[in-house]
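Work through these exercises with the model open. Each task is followed by its solution.

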Amino acid sequence: MTKEFSSKQAVIMPEGVFIIGTYDENGVPNAMNAAWGQQSDYGEITFFLAHHKTTENIRKTGAFTVAFATADTVAISDYFGVETGAKVNKIEAAGVHVKKAPHVNAPVIEEYPVTLECTCKSWDEETGILVGEIVDMLAEESVLTDGKVDADKLKPIVFDMGTNSYRVIGPVVGKAFHDGLALKK
């Protein structure tokens with residue numbers, strides 16, 4: 001038997017958990033948790049965001065970083081989503097460590113092992129669509145295998161809207177651009 005749900009109860013999975021880092025006009029770092037984002041082209045990432053301190057910072061500086069939340073960073077990642085940077089210095093309150101990104105005017109939060117450096121390609125306040133051009137990627141050696149980011153070592157998390165929980169991305173179950181070839185005639 002199939003159960004019907006309203007459109008507001010629909011679950012779309014997975015939703016990545018991304019931490020967007022910015023500086024304000026005074027160089028004060030900020031971070032926000034964003035789940036509605038995805039790679040939208042080679043070297044490009046797109047988010048669907050309401051107006052936040054983060055989007056105001058991006059409008060002013062033209063740059064941001066995107067860190068991938070992990071099983072080891074669940075508490076700080078969630079904090080960056082439940083607190084507002086308009087009222088609190090979330091970086092100080094969370095006790096995380098930041099350094100300036102090498103290529104863009106945005107902070108790198110050192111507790112996250114993989115971070116993208118991005119420039120703002122476009123930001124549409126009306127639709128909430130933020131498009132970033134990925135300038136560089138920083139990755140700790142501890143999450144690399146053969147020079148590539150290893151999801152098993154990184155342990156990235158996704159947001160499960162159906163249960164309001166975070167889940168770790170699981171094991172490899174198939175090989176892309178390969179397994180389906182067996183069905184090709």
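**Exercise 1.** Is Gly81 buried, partly exposed or exposed?

*Solution.* The model is predicted. Start with the location: Gly81 sits in helix α2. Next, take its relative accessible area, 48%. Buried means under 20% and exposed means over 50%. Gly81 is therefore partly exposed, because 48% falls between those cut-offs.

**Exercise 2.** What does helix α2 lie across, and how far is Gly81 from Ala31?

*Solution.* Find helix α2 at residues 74-82. This helix lies across β2 and β3 and runs at about 95° to β3. Now take the pair Gly81 and Ala31. They are 50 residues apart in sequence. In space, their C-alpha atoms are 8.6 Å apart.

**Exercise 3.** Trace the sheet and explain what leaves one side of β3 and of β4 without a neighbour.

*Solution.* Write down the strand order: β3-β2-β6-β9-β10-β5-β4. This is an open sheet of seven strands with antiparallel pairing. β3 (29-34) and β4 (37-41) stand at the edges. Each has a single partner strand, so one side of each lacks a neighbour in the sheet. On average, neighbouring strands are turned by 35° against each other, direction ignored.

**Exercise 4.** How many bridges join β2 to β3, and which residue stands opposite Ile20?

*Solution.* Take β2, residues 18-23. Six bridges join this strand to β3, and the two run antiparallel. Opposite Ile20 stands Met32 in β3.

**Exercise 5.** Which strands does helix α1 lie across?

*Solution.* Locate helix α1 at residues 53-61. The helix lies across β2, β3, β6, β9 and β10. Its angle to β2 is about 50°.

Terms used: Residues are numbered from 1 along each chain as its sequence is written. This is a predicted model: local features need pLDDT of at least 70, side-chain atom pairs count only at pLDDT 80 or more; totals for chains, interfaces and linings use all residues. Side-chain values use heavy atoms; hydrogens and water are left out. Two strands pair if DSSP finds at least two bridges between them. Helices (H or I, at least four residues) and strands (E, at least two) are DSSP runs, numbered from the N terminus. Axes are lines fitted to C-alpha atoms, for helices over the stretch in contact, and angles run from 0 to 180 degrees between N-to-C directions. Contact means heavy atoms within 4.5 Å. Buried means under 20% relative accessible area, exposed over 50%, partly exposed in between (1.4 Å probe, protein chains only).
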